[in-house]
Amino acid sequence: MRVYNFSAGPAMVPEPVLKQAAEEMLDWHGYGMSVMEMSHRSPEFLQIAEEAAADLRELMRIPDDYRVLFLQGGATGQFAAIPMNLAKPTHTADYVINGIWGKKAADEAKKFIKVNIAAQADPFTYVPDQKAWRLSDKAAYIHITPNETINGVAFKAAPIETKASLVGDISSMILSESIDVSRYGVLYAGAQKNMGPAGLAIVIVRDDLLGRARKETPLVWNWSEKSVAGSMLNTPPTYSWYLAGLICKWLKAQGGIKAITEINHRKAQKLYVTIDESDFYSNNIKPDYRSIMNVVFTLAKPELDKTFTEEAGRQGLKNLGGHRSVGGLRASIYNAMPEAGVDALIKFMKEFEKKYG
Ligand code: PMP
């Protein structure tokens, strides 16, 4: 029996995608081997790779002057790659922090450049107003985290135009709603939430930002070198790339980003209504900044957290515990979480409240 998995990542993969991958596991399209056994240089894999990239470009409406890279090292690898590729050691970059991942990105960047914390939410329950950002004069770039996975805090819109290029960590929101790519210089994401299994990181970078990497940048972190090599300077994460391609095809069949945005808003909205209508559950994120992907909540009796996750688990609602650094509870409801899963969670929450509230 498959369960509803509310994990923040790795997370659910659409069932039709898993079935197709299973069907193609031993013999991909009559080629006599699994995709994971193929050379990344084979025409067959190149076809898989190119199609995935084309589908991603189509879904996200990525303009022609952006490269899409399929890399390893996760989003955390990019925390270091960003300063290495965009700035010299003496340069300053601005970081706007509305959650734990943005802070981690800034801390990593400090090893390579000067970091100016242009704004930091305190506590992580909102996004600092752009008017209050203290941006540097000549920032190499401005880093933001449009959706903070641990804290459940999201930007309500892309920032208004900035002088320096915007860099956005979209790990937990890629493909979940429409993003105006042209507003950013760089977007990046670990794939293991909305785009497939772990092992793949996506970087979308505008052409004019390539070629700036400091010379000691390791090859695997150098976006220009990776771009010239079609993300195949060394062995890419082939199987994750293939699954990301299947997920893009699945999403296109659902009606693309527009259709999934509507579903995602509906799923999140009903969960927030359930929380807000109850005195037993609460969510302290300022309503404008509530994430539609990661819904965090607490119980009026926090000592019941473990009972909640255990009883939910027994009903096939798994991984509802909050991140180990913040505690509480969290339902990650990415694209592949069926609406029925959210409905089942709401039903469980109401029963749990009746029993223990
Ligand atoms: N940024 C965000 C917003 C994330 O949610 C995560 C993972 N949860 C990361 C970065 C780190 O990603 P990875 O594990 O791929 O390095």
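Predicted model: local features only at pLDDT ≥ 70, side-chain atom pairs only at ≥ 80, totals over all residues.
**View 1**

**View 2. Domain 1 and domain 2 bury area against each other.**
Here 26 residues of domain 1 are in contact with 23 residues of domain 2. The buried area comes to about 2100 Å², and carbon and sulfur atoms give 58% of that. Which three residues supply more than any other three of the area that domain 1 buries against domain 2? They are T125, I150 and K156, with 24%.

**View 3. K156 forms a salt bridge with D288.**
If you zoom in on this pair, the closest N and O atoms are 3.4 Å apart. The rule finds one salt bridge across the interface of domain 1 and domain 2. Across that interface there are also eleven residue pairs in polar contact, with both residues at pLDDT 80 or more.

**View 4. Strands and a helix of domain 1 touch domain 2.**
On the domain 1 side, at least two residues each come from β6 (147-148), β7 (153-154) and α6 (238-253). Helix α6 gives the most, with three residues. And what is the make-up of the side of domain 1 that touches domain 2? Its residues divide into twelve nonpolar, nine polar and five charged.

Terms used
Residues numbered from 1 in each chain as written. Heavy atoms only, no water. Contact = heavy atoms within 4.5 Å. Buried area = accessible area lost by both parts, 1.4 Å probe. Salt bridge = Lys/Arg side-chain N within 4 Å of Asp/Glu carboxyl O. Polar contact = N/O pair within 3.5 Å; in protein donor to acceptor, adjacent residues only side chain to side chain. Helix = DSSP H or I, 4+ residues; strand = E, 2+ residues; numbered from the N terminus. Nonpolar A, V, L, I, M, F, W, Y, C, P; charged D, E, K, R; others polar.
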